[in-house]
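Please look through the structure below with two topics in mind.

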Amino acid sequence: MQFFPNVPLSSVYTTIMESSTIEGSMKRAEKRDQVFGRLFGILSLFRSTRFMKEPPSEEIRSIVEKCVEEVVGYYKQKQWLREISVETLITILKFSHDDLIPLILSNSLSLYIESRPNEENEELLIPLPFTPSSLQLLLQVQLLLHDKHIEFDDENVRRTFVENAEVNPHHLKQLVSVYRDSSFTFPKLHALWTVTVDYLKQFAEDWEESLLKWWDAITTQVLSMSAERGGYFAAGSLANRS
């Protein structure tokens, strides 16, 4: 796609969606393959760098919105799809023009807040608890936005991704339950661990002190529960990032 700029992105998107349709008669393995095929197709769309051109047209914005909604849907569908869904969202952000980032984050809000009606049938926005993957995405979004100057008109996007009081270098050590849950991805180290180190390096006033406090909380309350499996991989992560 990068080398065939005359091929409309809408045509490529439609082809990806049609060729990865899931039918009811498919076996479980076939459905899984179709899901992965669709996610890899979306990844290839954005890695083509064609979404980085400016200014993004309405057609481009529509395709981006559909792709993000598709990926977010997979995140919610199955727990084992969360990691690859978040990695796909991160790729979409990295390979999109800055004008598209508010749109991408707006369509990712349902990972963090849920709309529920109250007794008067008024809409209430309820914060959702972090998962290892949603916290990873939030940290990586803040790292991505660090050197950018993007204005967010949507107050919910700004509060969730930019001004989130639950996410700062001093508070991460209190999110022990999230890191504990991430240890169940054994034998693979969850990306949240390495992203946390990068986050502390970037945003903590004294990143080494913050890292030690965070690490002390993790080793005291998380690794003691998950034994050596988390300790081995996390220690290796820190050694590589320090």
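What follows takes the salt bridges in turn and then moves to a pair of packed helices.

This is a predicted model. Keep that in mind while reading the distances and angles.

Start with the charged side chains. A salt bridge here needs a Lys or Arg side-chain nitrogen within 4 Å of an Asp or Glu carboxyl oxygen. By this rule the model has 7 salt bridges.

Take E70 and R38. They form a salt bridge, and their closest N and O atoms are 2.8 Å apart. E70 sits in helix α3, residues 58-77, while R38 sits in helix α2, residues 28-47, so the pair ties together parts that are 32 residues apart in sequence. R38 has a relative accessible area of 12% and is buried. The cut-off for buried is under 20%.

Next come E114 and R116. Their side chains meet in a salt bridge, with 2.6 Å from N to O. E114 is partly exposed, at a relative accessible area of 31%. R116 is partly exposed as well, at 41%.

Now go to helix α10, residues 207-221. K213 and E209 lie 4 residues apart in this helix, so about one helical turn separates them. Their side chains meet in a salt bridge, at 3.2 Å from N to O. K213 is partly exposed, with a relative accessible area of 45%. E209 is partly exposed, with a relative accessibility of 40%.

Turn to the helices. Two packed helices are described by the angle between their axes and the distance between the axes. Helix α1, residues 9-19, packs with α3 at an angle of about 25°, and the axes are 10 Å apart. Angles under 35 degrees count as roughly parallel. Therefore α1 and α3 are roughly parallel to each other. Their crossing is left-handed.

Which residues of α1 and α3 make the contact? From α1 come L9, S10, Y13 and M17. From α3 come E59, I60, I63, K66, C67 and E70. The contact residues of α1 and α3 divide into 6 nonpolar, 1 polar and 3 charged.

E70 links the two topics. This α3 residue takes part in the contact with α1, and E70 also forms the salt bridge with R38.

Key
Residues are numbered from 1 along each chain as its sequence is written. This is a predicted model: local features need pLDDT of at least 70, side-chain atom pairs count only at pLDDT 80 or more; totals for chains, interfaces and linings use all residues. Side-chain values use heavy atoms; hydrogens and water are left out. Buried means under 20% relative accessible area, exposed over 50%, partly exposed in between (1.4 Å probe, protein chains only). Axes are lines fitted to C-alpha atoms, for helices over the stretch in contact, and angles run from 0 to 180 degrees between N-to-C directions. Angles under 35 degrees count as roughly parallel, over 145 as roughly antiparallel, 65 to 115 as roughly perpendicular and the rest as oblique. A crossing is left-handed if the near helix is turned anticlockwise from the far one by less than a right angle, and right-handed if clockwise. Contact means heavy atoms within 4.5 Å. Ala, Val, Leu, Ile, Met, Phe, Trp, Tyr, Cys and Pro count as nonpolar, Asp, Glu, Lys and Arg as charged, and the others, Gly among them, as polar.
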